[in-house]
Amino acid sequence: MTLPGSILPLKLIDLTYAVDGQKLVQNLTLEFTQGPKTLILGPNGAGKSLTLRMAHGLLKPTSGQVQWQQRHPQRHQAMVFQRPVMLRRSAAANIDYALGLKGLGKAEAAELRNEVLAKTGLSGIATRPARVLSIGEQQRLAIARAWALRPQVLFLDEPTASLDPKATRAIEDLIETIHAAGTKIIMSTHDMGQAKRLADEIIFLNQGVLSERTAASDFFTSPHSAEGRAFLEGELLL
Amino acid sequence: MNDFSQAFSLSLDLIFSLDARLAEIVLLSLRVSLSAVLIATLIGLPLGAALATLRFPGRRTVNAFLSSLMGLPPVVVGLVVYLLLSRSGPMGSLGLLFTPTAMIIAQSLLITPIIASLARQVSEDLWGEYRDQLTSLGCEPLRAVPTILWDGRYRLTTAVLAGFGRATAEVGAVMIVGGNIDHVTRVMTTTIALETSKGNLSLALALGMILITLSLTINVATFMIRDQVKGESL
Amino acid sequence: MIMKINRFFAYLLATLLVLNTNIAFAADRYIVVASTTSTENSGLFSYILPIFTEKSGIEVRVVAKGTGKAIRMAQDGDADVLFVHHKPSEEKFVTEGYGLQRFDVMYNDFILVGPDSDPAGVAGNSDITAAFKQIADKEALFASRGDDSGTHKKEQGLWKKAGVDYEAASGKWYRATGQGMGATLNAAVAMGAYALSDRATWIAFKNKGDFSIVSEGSPLLFNQYGVILVNPEKHPHVKAEEGQAFIDWVLSKEGQDAIASFKLEGEQLFFTNAQ
C-alpha cells in the first residue's frame, strides 16, 4: 500500500554487503510498510546494523538495491545510533543544528525544538552542553533530534545497548510515543526481552541471512526457523 | 656559564627598562607573525577541514604533499619569495621586497601547510565521529566544514599555535626577504642573528630569552583562555 | 553556527587589516642601499644615517650583505644605491651599465687576526704575503668567509700572491664558513683559526676571546669603499633623485666629516677620501 506523499513501502532487493569477499549480509530481500514496529533481531554479528545503514543510505551495498517511493526519501527519514553522537554545543543547539540543515527558519526551529524537548522531558537541560549529559540523556536527546525532523521512518540501531534499565525504559517509552504519532519504527536489537516488549513484527537475521519474518505474537511462541528457535532457547548460534 | 648569567640579567634589564628599540623590534615581530598566522588560519583551517571531509581522486597525494610541506626549510621559502618579489622577478613591480609585507607573505607560505595539515588531522578525528550522524541529518561533506571547524575549535587552537610558534621562531625566510633593515624589517630572530654575528653573544642570548618568554606567554594565555571558554560551553 | 564561523573569520580579517594599516601608509621618501656587513655591523650607518635623514627627510634602508650579493641585488634592481668595497667588481658594475658612476668614499684596512698561541708564528709580521705562506706551510687553521664578499675576494687575491692553492686545502686547514664577517670571526675564535677581517668589524666585534691582530700595515691590505647610483635607465623605479642626494651628501664635507668622526672604543674606523 502506498499512501500519497509517503516514502514507504521501502524495498530491499537482493542486498549483499561484502568486505574482502566475505559476505556480511547476503541476498537480503525485504519490504517495510507503514504501520507495525519492525524489530530486526539477531545475535551480534548477524548484520542488523549493516542492514539498517544500507537502508538509510549510509552504506552502499555491494550488490542489490534499496528502493523508496519518493524522489527525495532522505529528507523523510532519520536514524538513531547505538552510541549517541552529540555535537559540541548545547542540547538545544544540537536540535537547532539538525533543523537548520533542513532549512527551517530560526523561529520555526525554536518552536519545534521546544516542543520535542518538552515531549522527551529534556526541557530542563536544554542549555547544558550536550556532551556533559549522562549517556541516557544523550540518547534521549538524539531521539529528540531525530524526532524534531518529523521523519516518516525512524531507524534505531541498538539504541539502548549501552544504557541501564531505567534509561532503557525511558527510551522504549519514547519509541512507543513516536510510533503512536505515526512514524514507522525500524529498530535493531539483540535483546530478546526488548523485542518482546516493543515488536509488532520480528525480522530474524543470523550470519547475514534472513532466517524468518514473523508477527511478534507468533515468533515468541512458535518461531518458524531453526535459528529463531535456538535463539529463543538461549543457545549460541555458531 | 658566565654568558648565561650575564644574558639573563641583560634580558631583565632590557625588559624592565622598557627599551624603546627592543619594543620596536618585538612589536614588528608580533605584527609580522600574527598577520602571517591570521592569513594562514583563514586559508589553512577551511582547507584542512575540507581535506578531511571531502572524498576526491588524488586526495591521498594532496595530503602527503601537504604534510611534506610542513617541513619546508624557511630559507627555501625565503628564496622563492625573494625571487618572486625582486624587481627582476615576476612580481617586482609591486616593490614589496625588503618590506614587512614581504615577510608576512613568506611566513604565511611557510605556516599555511602546517596549520592546514594539523587542522586536517584534528578534522579527520572529528569527522570520523560525526560522519554517519551528519550524513543521516542530510549534511553534505562541504557543508560539514564549518561544523567541524566550530566543534573542533578548541583542538584547532593547537594547530594555530604551532603555526605561530614556527613563524616567530624562523629566521631564514624573514632574513632573506626582509633584509634585516634597521627600524623597517628588523625582527627578534634577525636581531639575534645579527648580534651573534657581531659577537654580542650575551645580548643575542638575552634577546633569545625574551623571545622564548614571549612565545611562552602567548601559548599559556591562549590555553588559559581556551580552557576558560571551554569550561563554560564545552 | 555558520554565522559564528563567518563572524570568526571576519574578525580575523579585520585584525589583519588593523595590524597592517601602517603598511599602506609607509613613508614614501626612502631609498634602499645595498651595502656590506662591515659598514652595518660596525655601527657606521646607525651613526651617520640619522644625520642625513634629519637634513634631507629621506629615510635610508640598508640591506647588509657580502659585496658579491650586494652587487647582485643592485643588478636586479632591488637597491637604489650600492655602497661596497671591491673596486674591480664595482668598476665592472658601472662598465656593464648597471651603475652610473663610481665614487671613492672612504677607506680603512684589512687585518689578519689569530689566537695568541700563534701556531703559524706570524705575529708581528707585516709582510702579509709571507704570513699567508707561512700559515699554509704550517697548515695552521684558517677561517675564510667563502661568501664572495669583498673581504673574501681580497683574501683570495692574497693567497694567489702567496702562491698557495687554498682550494685544495679546503676542509683540511682551510675552512670556508660561507657566512658574514662576524659569523666567520665567531667560528675562527671557536676553532683557533686565523682570519682576514676588515678593521672596523674587528674593533666592533665583542667575542674576541684570546684573539688579537697578528699582521697589519701592508699596502696590500688597503680597503677602499665606493658608492654608486644604480642606473635608472636599467631600472626605471630606482629613486635616482633621492639616491643622488644621499651620494652627494656622503661625498660632501658634512658627510665626510660625519664618517670621520665615527669612533668606536676611541678608534676612528673609516678614513675619508672622497675627491
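The legends below describe close-up views of a predicted model. Local features require pLDDT of at least 70 and side-chain atom pairs count only at pLDDT 80 or more, while totals for chains, interfaces and linings use all residues. Residues are numbered from 1 along each chain as its sequence is written, and chains are lettered from A and ligands numbered from 1 in the order in which they are written.

**View 1. Open sheet of chain A.** Three strands form an open sheet in the order β2-β1-β4 (chain A), with antiparallel pairing; strands are DSSP runs of E of at least two residues and helices runs of H or I of at least four, numbered from the N terminus, and two strands pair if DSSP finds at least two bridges between them. β2 (22-32) and β4 (63-67) of chain A are the edge strands, each having a single partner, so one side of each lacks a neighbour in the sheet. From one strand to the next the twist averages 20°; angles run from 0 to 180 degrees between N-to-C directions, and axes are lines fitted to C-alpha atoms, for helices over the stretch in contact. Four bridges join strand β1 (residues 10-19) of chain A to β4(A) in the antiparallel sense, and Leu12(A) stands opposite Val66(A) in β4(A). Helix α1 (residues 48-56) of chain A packs on the sheet and touches β1, β2 and β4 of chain A, where contact means that C-beta atoms, placed from the backbone, lie within 7 Å. The direction of α1 of chain A makes about 120° with that of β1(A).

**View 2. Packing of α2 and α6 in chain B.** The axes of helix α2 (residues 20-53) and helix α6 (residues 141-151) of chain B lie 9 Å apart, at an angle of about 125°. This angle makes α2(B) oblique to α6(B) (under 35 degrees is roughly parallel, over 145 roughly antiparallel, 65 to 115 roughly perpendicular and the rest oblique). The crossing of α2(B) past α6(B) is right-handed, that is, the near helix is turned clockwise from the far one by less than a right angle, anticlockwise being left-handed. Residues of α2(B) in the contact include Leu45(B), Pro46(B) and Ala49(B), and those of α6(B) include Val145(B), Ile148(B) and Leu149(B). The contact comprises 11 nonpolar, one polar and no charged residues; Ala, Val, Leu, Ile, Met, Phe, Trp, Tyr, Cys and Pro count as nonpolar, Asp, Glu, Lys and Arg as charged, and the others, Gly among them, as polar.

**View 3. Packing of α4 and α5 in chain B.** Helix α4 (residues 74-85) and helix α5 (residues 100-136) of chain B pack at about 135°, with axes 9 Å apart. α4(B) is therefore oblique to α5(B), and passes α5(B) in a right-handed crossing. Pro74(B), Val77(B), Gly78(B), Val81(B) and Leu85(B) of α4(B) meet Ala102(B), Ile105(B), Ala106(B), Leu109(B) and Leu110(B) of α5(B). By class, nine of these residues are nonpolar, one is polar and none is charged.

View 4. Chain C is assigned domain 1 (9-108 + 224-272) and domain 2 (110-221), with bounds from an automatic or database domain assignment. The C-alpha centres of the two domains lie 28 Å apart. In the contact, 19 residues of domain 1 of chain C meet 16 residues of domain 2 of chain C. On the domain 1 side, α3 (37-41) and α5 (67-75) of chain C each supply at least two residues, and α3(C) gives the most, with three residues.

Methods
Contact = placed C-beta atoms within 7 Å.
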